[in-house]
Amino acid sequence: MPERIYNFSPGPATLPYSVLQEAAGDIVNYQNTGIGLIELSHRSKEFMAIAEETEKLIRRLLEVPDNYKVLFLQGGASSQFFMIPMNLLGKGKTATYLNTGTWSKKAIKEARLFGDIKVAYSSEDTTFNRVPRDDEYTVAPESEYLYFVSNNTIYGTQFAQMPKTETMLVADMSSDILSRPVDINKFGIIFAGAQKNMGPAGVTIVLIRDELLDKTPDTVPTMLRYKTHADKGSMFNTPPCFAIYCVGLVMRWLQEQGGVAAMEERNRRKAGLLYDAIDATDFYRGHAEKDSRSLMNISFNLPTPELEAKFITEAADVGFNGLKGHRSIGGCRASIYNAFPEEGVAKLVDFMADFAKKNG
Ligand SMILES: *Cc1c(COP(=O)(O)O)cnc(C)c1O
């Protein structure tokens, strides 16, 4: 293995090294077919097998019930911000949204183009440092769905439990899908851009309950209807073949690691190391309130912006990349998705202790 540094990037993010190696070989010559992976027709039996296997693994790992479709779409997670209300709402229809950060805010803006949107909760006035408890908001009873972002990538907050409500849930799980078990039955739609926890950029995974496929208003264009893609097994047009293939490799890796429950345990350990380091001194300050802390993105501050800049520079010098916080909150952020190695977290914790001692 060549020298790899620790990449704390929020996305696209660290992938398992074994996946990168296998993909590198297959790109040039896919399993001795004499054709490179990214030259294969999406209708070839080789690629059809890849897509089928990828879907099967996602279904197994997430325990997706039979009455749900798994779709491989393009346009990024951001396109789901409009596709969901475009397909599920319409004149006179209502949905409730929880505003817990940049990504929910963007989704609310798009949803307003298609229906009556109630924002039942917002933590914006405390820089999105928390997510709500169930008793802090009311879902409008006429809502078609309750929309929330399960993990707020930028602010480092996460719903420890999914909202409890009779209303159908719709969730953006871009940055924590497959990081812990989830009861899919409560959800109408779950979506995730692959580039945080599933693979490279280029594909968005959508899980959708069958009964929703027929709700789309007639005015919605063909490519933007979920049913178009569901009916054709995500092959209505050319799918993002390479990204789907990589997601398949990551799913196989995940299975070898013991699946989603084993991942949750490991993720708790990894995040626990960092939060313990943050709580150990007054030098570091976590951005998120304790009961809203994310296991995927750990956002924290140092005493001054100057020290934060110094921290990020010195960390980069010793091989820790991508620790700069998002421009909307500043500070530092360590993104430690499933594939981020535990020893990298331990080494960052050592570095943090050392830095605090020298600069505190
Ligand atoms: C990154 C991210 C997005 C945006 O994903 P794109 O694929 O770039 O559109 C949306 N939601 C969440 C929670 C994210 O982390």
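Biologist: Asn129 first: buried or exposed?

Modeller: Asn129 is buried, with a relative accessible area of 13%, where buried means under 20% relative accessible area, exposed means over 50% and partly exposed lies in between, for a 1.4 Å probe and protein chains only. This is a predicted model, in which local features need pLDDT of at least 70 and side-chain atom pairs count only at pLDDT 80 or more, whereas totals for chains, interfaces and linings use all residues. Residues are numbered from 1 along each chain as its sequence is written, and side-chain values use heavy atoms, with hydrogens and water left out.

Biologist: Where is Asn129 found, and what is it in contact with?

Modeller: Asn129 sits in the loop between strand E4 (116-122) and strand E5 (143-149); helices (H or I, at least four residues) and strands (E, at least two) are DSSP runs numbered from the N terminus. If neighbours within four places in sequence are set aside, Asn129 is in contact with Ser123, Thr157, His287, Ala288, Glu289 and Ser292, contact being heavy atoms within 4.5 Å.

Biologist: What about the phi of Phe128?

Modeller: Phe128 has a positive phi of about 50° although it is not a glycine. Phe128 also lies in the loop between E4 and E5, and it is buried, with a relative accessible area of 4%. As background, most residues other than glycine have a negative phi, and most peptide bonds are trans.

Biologist: What is the phi of Ser234, and where is that residue?

Modeller: Ser234 has a positive phi of about 60°, again without being a glycine, and it is found in the loop between helix H6 (226-231) and helix H7 (241-256). Ser234 counts as buried at 4% relative accessibility.

Biologist: And the peptide bond from Gly11 to Pro12, cis or trans?

Modeller: That bond is cis, with omega near -10°, and Pro12 lies in the loop between E1 and H1.

Biologist: Phe8 next. Which loop holds it, and what does it touch?

Modeller: Phe8 lies in the loop between strand E1 (6-7) and helix H1 (17-28), and it is buried, with a relative accessible area of 0%. Beyond its neighbours within four places in sequence, Phe8 has contacts that include Phe320, Leu323, Arg333, Ile336, Phe340 and Leu348.

Biologist: How far apart are Tyr6 and Pro341?

Modeller: Tyr6, which is in strand E1, is 335 residues from Pro341 in sequence and 8.4 Å from it in space, C-alpha to C-alpha. Pro341 is among the contacts of Tyr6, as are Phe320, Phe340 and Lys347, and Tyr6 counts as buried at 16% relative accessibility.

Biologist: Helix packing now. At what angle do H8 and H10 pack?

Modeller: Helix H8 (residues 259-280) and helix H10 (residues 342-359) pack at an angle of about 5°, with their axes 9 Å apart. Axes here are lines fitted to C-alpha atoms, for helices over the stretch in contact, and angles run from 0 to 180 degrees between N-to-C directions. H8 is therefore roughly parallel to H10, since angles under 35 degrees count as roughly parallel, over 145 as roughly antiparallel, 65 to 115 as roughly perpendicular and the rest as oblique.

Biologist: Which residues meet there?

Modeller: Arg266, Arg269, Lys270, Leu273, Leu274, Ala277 and Ile278 in H8 meet Glu342, Val345, Ala346, Leu348, Val349 and Met352 in H10. By class, the contact has nine nonpolar, no polar and four charged residues; Ala, Val, Leu, Ile, Met, Phe, Trp, Tyr, Cys and Pro count as nonpolar, Asp, Glu, Lys and Arg as charged, and the others, Gly among them, as polar.

Biologist: And how do H9 and H10 pack?

Modeller: Helix H9 (residues 305-317) and H10 pack at an angle of about 135°, with their axes 11 Å apart, and H9 and H10 are therefore oblique to each other. The contact is made by Leu307, Lys310, Phe311, Glu314 and Ala315 of H9 and by Leu348, Phe351, Met352, Phe355 and Asn359 of H10.

Biologist: Last topic: how many disulfides?

Modeller: The count comes to zero disulfides, a disulfide being a pair of cysteine sulfur atoms within 2.5 Å. The sulfur of Cys246 is 11 Å from the closest cysteine sulfur, in Cys241, which is too far for a bond. Cys246 counts as buried at 4% relative accessibility, and Cys332 counts as buried at 1%.
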